Amino acid sequence: MTTEEQSTDDTQGHLPTPAICRACKHQFEDSGSSSPACPACGRTRIVAHPELFALTIAHIDCDAFYASVEKRDNPELASKPVIIGGEHRGVVSTACYIARMNGVRSAMPMFKAKKLCPDAVIIRPRMKLYQQVGRQIKDKFKQLTPIVQPLSIDEAFLDLSGTDRLHGKPPAALLVQLMSEIEKEIGVTVSVGLAPNKFLAKLASDMDKPRGFTVIGDADKLHILSKLPITRIYGIGAKSAKRLKKDGLTAIGQLQTMDEAVLIRRYGEIGQRLYRLSRGIDTRQVHSLSAVKSVSSERTLAKDLADYAALEDKLWSLSESVADDLKRKKLAGQTITLKLKTSMHRIVTRSRTLDSPTQLAGNLFEVGQDLLKPMVDGTPYRLIGIGVSHFRPLAEADQPDLIEPKRTKQANAERAMDSLRGRFGGSAIKKGRSLSKKPGSSSIGKKIPE
């Protein structure tokens, strides 16, 4: 029985249970039948739970996001296995559910994915497109509540407390409507978890993918958690799971029988987390976008690069991407970090903290150049990235420089280009470097639509 059709068993009995039809949005009380149907439209896409209209914390996750966007834009891919990632090297970014049925998983080496699914259509990521679609989806979130905490390009927590008074509907009804709007207007599907806290909401959203709507309440959380492996507790990776397994602990239900003091004595700080999360206790709040700690962009290269000019060229496009993100989020940061990964998968980072914060691509690129130069010593790199952190008030950012007027001119030029892009579109004007592979060009190429 799917979550959509469920009428809970042990915790619910035969009492009428709040329910909503995902097909026609009708709210009603389910009498507890084994195959509930909507009294308004007769459909069986039902979400029913005793706490359905009382819960306010949601986790929303797009279903196979990159692959879904590609299938949306190319209907010929609808019935085909699709893998997003580097065709000749690298790892799988994501895979559609058809490919997943063949064993393909995110972060899997591409050569292994191709062996498991030789008929797959492999598509290189189009990150700018995915980011654009991700922003459209998050704009939808913000129409429901200002308390949105993005976790990645395609998932976020929402705190819907008080939205029933604002929108005249309980959070569950708003979420059902949101899922339908995203699918119809944006063309991708999402799965929703609704619960009393973030841990349970994220757990729930992954239980019935794709297009799932799963509810975990206070009354049934212990029962649901008891059946899950310990690895479903966030932060418990392979090493931690191996140690716990040595101690005979593999299921969350086992943790529920143990005293907090025993777990703390045995595992220290993590012991307290095991105790609390195994019982569905999570006091973390949903934080809005202001909680973002850093903004970055990185690229796995098609082939290892050891040449400074080639790496510098990649650095410029990454700097533009990060700057665009900072400006869109109205953020400015003081610390710039360069990230490199060698062909042997060793990660190297170098950082510099500026006197004042910035959000301009030119400044990011200039610092990135200085950090990159000493690192180019013949070592081949397979990945390069740049990021910004330690955010400061936007009013302090990129002030006129009296000592170096040239910087002020460059800043003004970049702001002028941003203004033109705002008027005529993102491709209306580009720096010469963006139009040519030749590094060091500073000419401006205009492309203003008629």
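Hi everyone, let's start with the sheet: three strands, open, in the order β2-β1-β3, with antiparallel pairing. Two strands count as paired if DSSP finds at least two bridges between them. Strands here are DSSP runs of E with at least two residues, helices are runs of H or I with at least four, and both are numbered from the N terminus. At the edges sit β2 (27–30) and β3 (46–48), each pairing on one side only. On average, neighbouring strands of this sheet are turned by 35° against each other, direction ignored; the axes behind that angle are lines fitted to C-alpha atoms, and angles can run from 0 to 180 degrees between N-to-C directions.

How many bridges join β1 to β3? Three, with β1 covering residues 17–21 and the two strands running antiparallel. Ile20 stands opposite Val47 in β3.

A quick word on what you're looking at. This is a predicted model, so to speak of local features we need pLDDT of at least 70, and side-chain atom pairs count only at pLDDT 80 or more, while totals for chains, interfaces and linings use all residues. Residues are numbered from 1 along each chain as its sequence is written, and side-chain values use heavy atoms, leaving out hydrogens and water.

Now the inside. A nonpolar core is a set of buried Ala, Val, Leu, Ile, Met, Phe, Trp, Tyr and Cys residues joined through side-chain atoms within 4.5 Å. Buried means under 20% relative accessible area, exposed over 50%, and partly exposed in between, with a 1.4 Å probe and protein chains only. The largest core has 53 residues, and those touching the most other members are Ile83, Ile137, Phe141, Leu175, Leu194 and Phe213. Helix α6 (residues 171–186) gives this core its largest share, nine residues. There is also a second, separate core of 27 residues, including Ile336 and Tyr381.

Back to Phe141: beyond its neighbours within four places in sequence, its contacts (heavy atoms within 4.5 Å) are Ile60, Val148, Ala156, Leu158, Leu178 and Ile182.

Next, helix α12 (residues 269–278), whose buried residues are Gly271, Leu274, Leu277 and Ser278. Why do they line one face of the helix? Because, seen down the axis of α12, they fall within an arc of 140°, taken from the directions from the helix axis to the C-beta atoms. Their cover includes α7 (198–205) and α9 (238–246). Just after α12, Gly280 takes a positive phi of about 75°.

That's my tour, thanks!
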